[in-house]
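Trainee: Could you take me through the salt bridges here, taking a close look at the charged pairs and their surroundings?

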Amino acid sequence: MAVKAFRRISPKAFALSAIFLTVLLCIYYASNSNESRLDARSQEAAALVGEGVGKEESRSEDGSKRKTSRQFETCPTLAPAEVDVNTVDVFKDFEFQPTWMKMKEYWDKPFEDRFERQKMDPERPPLKVIIVPHSHNDPGWLKTFENYFHYQSRPIMNNMVMKLQQHKNLTFIWSEIAFLNAWWEVAHPSKQRALKALVNSGRLEITTGGWVMTDEANAHMYAMIDQLIEGHQWVLTNLGIKPRSGWSIDPFGHGSTQPYLLAASGVKGTIIQRIHYAWKQWLALKQYGDFKWVPNWGGNSGTILTHNQPFDIYSIKHSCGPHPYVCLNFDFRKVPGEYTEYSVKAQAITEKNVKEKSELLLEQYSRTGSLFPHNVVLMPLGDDFRYNVAEEWDQQYTNYMKLVNYVNANKETYKTEIVFGTPKDYFDAILERYDQFPTLRGDFFVYSDIFSEGRPAYWSGYFTTRPFMKILDRELENSLRASEILYTIAINSARQKNILPYLKILERDYEKLVMARRNLGLFQHHDAITGTSKSFVMRDYGLKLFESLRDTVKIQQNALQSLMLTNPIKSERNVVLSDLERDSYEKLPKKTIIVLETGKSRKIILFNSQTERQDQYIQLRVNSPDVRVLNSNNEEIQIQINPVWNYTDNRLFISPDEYELVFVASLPPLSIATYNITYKVSEDQLAMIYCNRCHRKPNDENFQSSKFIIKNTQTGDVQLENQKFRILFNGNTGFMKSITRKATRKTTQCAIQFAAYRSAQFHSGAYLFMPDPNEREIEKDVLQQYKDQLSIIITSGSVSSEITVIYGPFLTHTVRIYHLDSPISDGIYVENVVDFENPPKNRETELFMRLVTEIQNGEPPEFYTDSNGFSMQKRTKVEKIGIEGNYFPITTMAYIQDDAMRISLLTNHAQGAASWQPGFLEVMLDRRTLYDDSRGMGEGVVDNRKTTHKFWMLLEDVSPSKLKKENTRFENTEYGDTLRTFNGNEPMKIESYSRPSLFANHQSNNLNYPFSAFILEEGIEIREDVINLINAEFPCDFHLVTLRTQPDPVYTQFPSNSALLVMHRQGYMCSVNHNYTCQVSSLKSGANFNMVRVKSITPTTLTGTETTGDSIKDFSDINISTMALQTYNITFN
């Protein structure tokens, strides 16, 4: 039957059947092939999207489901995001000396011609103008925060509440929560209710919602996040809203970190202002003023719609359109006693002039609208500390309403609608009309405006200005972060164990903890951490940071006592004492001397706040060289005794009764460990000293008993050596010449130089950097005047060896290597102590340290700088804008590399960096400029202080990144990576988004978050020598940003039983230093805190204001994409 049926089929039907069967067979084999291919590629795909690799569930022998740990790829692959605009590629092709420079406005005939064509386009959408009244309030600049609040910001907010109720269609925005909080604390409840009602109505918008409008160049990611959390939580608690618009109009250049943080916090759109004048022109020409800002590595998160204000600055004069002197007609503030260019020019709007003035204003609005495809204009109406008098509110509102009403009443004629609104209204309006926004990655550094003579003015000086304050900021960050972690564990442990004496102390400490957050947040202001406030204002900031630094140390002491001591201390005395003493914020800290006696011992408490095991170099001061150290396992460890040097009257002396004890401590993740120092007579651990200019102190009998042997340094070059490196130093200068890596037997030229740029008077100051163009050589040998005070000291021992070069009081330069079997032996530690002395010494001096290497990093040179410690940004030298336009901000690291090697310089504070020539990598150390640079501060920078700069230098091999091709013509896109593969299976080199190595990330964390060290009083009993705060080690690329106890929702001065855990999955490259590998790729099931019981763990937005997913059982369920930040709200039982 089957055969007969087959014979009856026509040829056409037979052909169709054959085709059908062929298609079925193809589908069958393709599905089988895809299944096997998916198995082979599952790990790679999971790495790209940051998901767990492998199965998360398995079955036990009885068939029930069993939870297993989530696996994270140990070598995640990322390619640069594919975008319409890559700022690095676009910027280098700009015209930096256009014909309009002296006019300072880019509007020229091509813009005018396009505007005229658009007016004739019948399909062009009608013009819509959203006027946004605002007042920019600096929390410190020419006056202190408190002075600004009492005399300007408080009256502004009082007027704001009153006038917004009086003028029912008027709108306003507010950004600085630091000021809003100060106002709220003293405002009458009726005013508080009125403000809340205005916010809920949408007429008063809280923009950004950070504690301050943060700087985006010098601020570290930790402080940026912390001040954003503080602000968002305050707004949610007191006003019941979540900010939806960003407003960042005054930072001096814009980085890529802040847009990511805002997007991760639930903000939908943001507004920026200060970018290079060439960028302003280019974005206007392309009609790219609104764009989607994408993280450098792409991905599905962190992208935010961004609006660039098209003109110079946020004042009314420079906002209404391309012609500032026309815009002056529309600033209606007239206050008795004030004589300004706008008060003279602006005329009140009357029935007689309303038509003329409306059309004049519309010409500016229409020209601004022509720069955008949607024809919607956001028009700021304000300036610094505006609306501080009630008259201005009425003047601006009354006159603008006459203009608005006239235009809106003649819509048929003008085809325009004008309304008061907020940034949220602007973003809503453009999204109704347009959705084809270009994508952009990169940042907008270096910012430049224009000097009065028509030359570029590059704002790259503030990257380094007042480094002492930038370092103090980072010291507080480290202390606050450690305090937050210890405090959260300690107070919840005290609650759960009902230890009332400690619970009362810790509850009282919460107020100090909150104040420390707010003082740190205040210093992130774009005129604070930048160093661009008047000297007395900087002193006020310094006192606030110093107070919080002392408070956070005290909080750590109390938390450690509650966690470690066997018996509660009934009194409030501290038996856990810091190993550092600080007399004032202006002076460097001093080490506390540990007094040892025969037969007695002292305990040292160390806290590792990292989520991975850390080795760190510990330096303590003791009164005797006869000591030994036992670790937390009661094992004696290798130590070294170094001399303590005193420098007086240009002479070096060894301290007779003080010694430096050094050793390497190794601590488990998130742990507290106790080390014992006991008395033991021994000379084996004394360092050997080589020095030609070291002296005995006259008439000092104690010096005769010193056990150190000082030998003269031999002539010629000097060599330091450990198991990893052989480093050669110039015997005359003491500075590094070359490094030989023993593993490869390759010698790399890596010379260290110190020099300075001569500042251009009135053109280089707190904000701006410009070498003196009138000098034949822009660099000067700043060390020449100190060469007769040169001393070179070599200290060699079993733990470390170092060379210290002293050029009088001006510079003390140290290079140190380590001898123990520890990861820190793979790096070279560099330290500079810089003291400019009192002015007028070293005037117009911009001191830098430069590495001169044989790295072939391109011509023009390319190098990489970090963005706020969050991600890396490629930089390419642009020859035509000079060194001042090629200096970029770094906060944690910079590196140069070629196909074979990368040299990284890790730093502990914000500063400027450049790679001006191939193989060069330099960092600015300090600046002294006697003259103001005409950017508003009104004074030079002469309050330099003695400052310690700390670095790690890393030399790492680079191996090519390769990916096997597959027989496919499909585009493989995972988490922003686009890899087009065609024929063959041979390896293909792909471009990868550049990141640090895993070792560089760990060493950077080591440098920025050193162990907290404390001395325990004698006779105090502790529970255990090691206390592990967590029961599992996190994957190697996980970094704990903070663990921050939240305030009680009702009584906000008290701590709640919940905390925000912020984690960062730091991206790294396995192709760099591939021998340093990550062994921990998962969190075991049940991973959690040890000393406290957790009730729930819930994922939230970055600032903890919204829940974003279901609760997880423990840390093993944490899922974070590579490079991403993720916050969890942890509730304790």
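Mentor: Let us begin with Arg 333, which is buried because its relative accessible area is 5%, where buried means under 20% relative accessible area, exposed over 50%, and partly exposed in between, for a 1.4 Å probe and protein chains only. This is a predicted model, in which local features need pLDDT of at least 70 and side-chain atom pairs count only at pLDDT 80 or more, while totals for chains, interfaces and linings use all residues. Residues are numbered from 1 along each chain as its sequence is written, and side-chain values use heavy atoms, with hydrogens and water left out.

Arg 333 forms a salt bridge with Glu 338, their closest N and O atoms lying 2.7 Å apart; the term denotes a side-chain nitrogen of Lys or Arg within 4 Å of a carboxyl oxygen of Asp or Glu. Glu 338, at 29% relative accessibility, counts as partly exposed. Both residues belong to a network of salt bridges that also links Asp 331, Arg 386 and Glu 392.

The structure holds 49 salt bridges, and another of them joins Arg 367 to Glu 112, with the closest N and O atoms 2.7 Å apart. This pair links distant parts of the chain, since Arg 367 sits in helix H13 (residues 354–369) and Glu 112 in helix H4 (residues 109–119), 255 residues apart, helices being DSSP runs (H or I) of at least four residues and strands (E) of at least two, numbered from the N terminus. Arg 367 and Glu 112 are both buried.
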